[in-house]
Amino acid sequence: LFKYAAILVLGIFTTALGYFYFTNQEEAVYNPGKITFTYENGETITLDESLQVTLTDESGNTLGVQKQGELDFTASNTHDTTYNTLNVPRGKRLNLLLADGSRVYLNSESTLRFPANFPETGPREVYLTGEGFFEVAKDAQHPFRVNAEELQVEVLGTRFNVNAYDGAQEITTTLAEGSVKLVQ
């Protein structure tokens, strides 16, 4: 009799434990965070992908325009070459059109530091942490450089991908079209 009672109590206990375990599970909701734009002076704004926003500098000059999933800096009416930073969190992506007409497709968990306008002399330089696909506008007088940690990728006009996530074992560059020069 005790044997059957023990089996019954154990069965009831196991059923109750399973019921409470599975009914009290909260579903984890993933919130990817917001894309942020940081000015050279450290001021940070959050970009809402559903809005159209015009980014301006301290003087009120247009730096760029946000349209849905793209930031367009070709409309910039400033000659300022100060560097701004764009941070794309996990779960988000963003397309960026630089002032020279080059296009950058930033992947999740990526940061790109770039000028609102490139200088009139010297190379066009950006700084990447994470992953970005670049379609560089051709300009033989101003090479385009992507600085990714200790690696520098230099091109004149081409399509390529740079994968340089923070803490990764290696930095990779994948060429889609044209040619690149790697400098360490």
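The model is a predicted one, in which local features need pLDDT of at least 70, side-chain atom pairs count only at pLDDT 80 or more, and totals for chains, interfaces and linings use all residues. Residues are numbered from 1 along each chain as its sequence is written, and side-chain values use heavy atoms, with hydrogens and water left out.

Let us start with the pockets. A pocket here is an open set of points on a 1 Å grid over the protein atoms alone, where a 1.4 Å probe fits, with protein on both sides within 12 Å along at least five of seven lines; its lining residues have an atom within 4 Å of a point. The largest pocket has a volume of about 200 Å³, a volume being the space filled by probe spheres set on the points. Residues including Tyr39, Glu43, Asp57, Leu63 and Ala116 line the largest pocket. Its lining divides into three nonpolar, four polar and five charged residues. For these classes, Ala, Val, Leu, Ile, Met, Phe, Trp, Tyr, Cys and Pro count as nonpolar, Asp, Glu, Lys and Arg as charged, and the others as polar.

The second largest pocket holds about 170 Å³ of space. Among the residues that line it are His79, Asp100, Phe118, Arg124 and His142.

Two of those residues lead us to the salt bridges (a side-chain nitrogen of Lys or Arg within 4 Å of a carboxyl oxygen of Asp or Glu). Arg124 and Asp100 join their side chains in a salt bridge, at 2.4 Å from N to O. This pair links distant parts of the chain, with Arg124 in strand 10 (residues 124-135) and Asp100 in the loop between strand 7 (94-97) and strand 8. Strands are DSSP runs of E with at least two residues, and helices are runs of H or I with at least four, numbered from the N terminus. Arg124 counts as buried because its relative accessibility is 2%, while Asp100, at 24%, is partly exposed; buried means under 20% relative accessible area, exposed over 50%, and partly exposed in between (1.4 Å probe, protein chains only).

The structure holds seven salt bridges. In another of them, Glu70 meets Arg103 at 2.3 Å, N to O. Glu70 lies in strand 5 and Arg103 in strand 8, so this pair ties together parts that are 33 residues apart in sequence. Elsewhere, Glu135, Arg159 and Glu177 are linked in a network of salt bridges.
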